[in-house]
Amino acid sequence: MENTGQGKITAIVAYITIIGTIIAYFMNLEPKDRLASFHIRQAFGIHITFYLIGILMGLFDQGIIVAAFYLFFIVLWGYGLLMAIKGEEREVPVLGPLFQKWFSTIS
């Protein structure tokens, strides 16, 4: 697996909605880039977790709970995107190590 400038672009694309993550996955098929693979796993985890917990948030009518949920995911998403822009392989806080483990087959 290489680590190229194209990998950095692919890593950034991964954070632009779940569609961006899917596009980034296909952009990274050949040649595989380590940085891109890392951020594709992180972005995929953020997007999937957002949708799954978002379903649960629909049950709450408390604005503060929903606001905290959105703030948490904006922080995760922003941190991941910033690390992709910087070209660094840093896991997002709290869930990042789990995303790398759970989605290890995505490379």
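Colleague: What makes the meeting of the Glu-88 and Lys-86 side chains a salt bridge?

Modeller: The N to O distance in this predicted model is 3.8 Å. A salt bridge needs a side-chain nitrogen of Lys or Arg within 4 Å of a carboxyl oxygen of Asp or Glu, so the pair Glu-88 and Lys-86 qualifies. Residues are numbered from 1 along each chain as its sequence is written. In this predicted model local features need pLDDT of at least 70 and side-chain atom pairs pLDDT 80 or more, while totals for chains, interfaces and linings use all residues, and side-chain values use heavy atoms, without hydrogens and water.

Colleague: How many salt bridges does a search of the whole structure find?

Modeller: The search finds 3. One of them joins the side chains of Arg-34 and Glu-89, at 3.1 Å from N to O.

Colleague: What makes the pair Arg-34 and Glu-89 a link between distant parts of the chain?

Modeller: The two residues are 55 residues apart, with Arg-34 in helix α3 and Glu-89 in the loop between α4 and α5 (96-102). Helices are DSSP runs (H or I, at least four residues), numbered from the N terminus. Arg-34 has a relative accessible area of 49% and is therefore partly exposed. Glu-89, at 32%, is partly exposed as well.

Colleague: Which residues make the nonpolar surface patch?

Modeller: Ile-9, Ile-19, Ile-22, Ile-23, Tyr-25, Phe-26, Met-27 and Leu-29 make the patch, of about 710 Å². Patch residues have over 30% relative accessible area and no salt bridge; nonpolar side chains (Val, Leu, Ile, Met, Phe, Trp, Tyr) are joined within 5 Å, like charges within 9 Å. Accessible areas come from the Shrake-Rupley method with a 1.4 Å probe, and for residues only the protein chains shown count as cover.

Colleague: Which helix gives the most to the nonpolar patch?

Modeller: Helix α2 (residues 17-27) does, with 6 residues.

Colleague: Why is Ile-19 called exposed?

Modeller: Ile-19 lies in helix α2. Its relative accessibility is 52%, so Ile-19 counts as exposed.

Terms used: Buried means under 20% relative accessible area, exposed over 50%, partly exposed in between (1.4 Å probe, protein chains only).
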